Amino acid sequence: MATGHHADEAHHRGGRRSDAVGENYMRGLYGDDDYNASHYGQQQQSAAMAVAKALASVTAAFTMLVLSGLAVTGTVLALIVATPLLVILSPVLVPAAITVALLTTGFVSSGGFGAAAVAVLAWMYRYLQTTTSSSDQQQHQQSGKAPDVKDWAQHRLEQARAH
């Protein structure tokens, strides 16, 4: 707990007595001379740090702006150089691009449909195997379940009548 003249002053000004951080905050807020004199070096250092941070930020922003401008300039120059080639080669390139797109679409869809067909055939095989192998067991279980269900229902009915 901080004690002394400044803590009492902070308390009388509407503050409260607190640890050193609260006391220093209140003293700095109200402009006590000894607080400002003792922390002048720290304020000077923090101001220098703020200037250094601002300078670094401006430098980074300027560098990014220059790189962005270079990228736009390179893109425009590449477009200027490539446009005549595209115009000259367009009677060849456009049909070639359409052909490649159609071939790619055909092969991809063919592969997808083939994979789907294999998946359906595998599912049908597994379904038929489990159906034929367990059909005898299911018939035996179903024939035994009917009397069990009847017995259960009769038991529940007797319970309900007893209550």
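In which helix is Val120 found? Here are some notes to read alongside the structure, starting from that residue.

1. Val120 is found in helix α4, which covers residues 40–162. A word of care before going further: this is a predicted model. The predictor's confidence is highest in α4, at a mean of 84, so please keep in mind that helix α1 (residues 5–12) has the lowest, at a mean of 50.

2. For the protein overall, the mean pLDDT is 76. Residues that reach 70 or more make up 63% of the protein.

3. The fold is quick to describe: four helices and zero strands. Read from the N terminus on, the elements run α-α-α-α.

4. Of the 163 residues in the protein, 8% are buried. The protein exposes about 13500 Å², and carbon and sulfur atoms supply 69% of that area.

5. Now for the surface around Val120. Together with Leu121, Trp123, Met124, Tyr127 and Leu128, Val120 makes a nonpolar surface patch of about 640 Å². Val120 counts as partly exposed because its relative accessibility is 46%, and partly exposed is the class between buried, under 20%, and exposed, over 50%. Tyr127 is also a member of the patch; Tyr127 counts as partly exposed because its relative accessibility is 47%.

6. How many aromatic pairs does the structure hold? There is one. Trp123 and Tyr127 form this pair, with 5.4 Å centre to centre and 15° between the planes. The pair counts as stacked because planes under 30 degrees apart are classed that way.

7. The two partners of the pair, Trp123 and Tyr127, both lie in helix α4. They are four residues apart, about one turn of the helix. Both also belong to the nonpolar patch that includes Val120, which brings these notes back to the opening residue.

Terms used
Residues numbered from 1 in each chain as written. Predicted model: local features only at pLDDT ≥ 70, side-chain atom pairs only at ≥ 80, totals over all residues. Heavy atoms only, no water. Patch = residues over 30% accessible without salt bridge, like charges linked within 9 Å, V, L, I, M, F, W, Y side chains within 5 Å. Areas by Shrake-Rupley, 256 points an atom, 1.4 Å probe, with all protein chains shown as cover. Salt bridge = Lys/Arg side-chain N within 4 Å of Asp/Glu carboxyl O. Helix = DSSP H or I, 4+ residues; strand = E, 2+ residues; numbered from the N terminus. Buried < 20%, exposed > 50% of the residue type's maximum accessible area, 1.4 Å probe, protein only. Phe/Tyr/Trp six-rings, centres within 6.5 Å; stacked < 30°, edge-to-face > 60°. pLDDT = per-residue confidence, 0-100.
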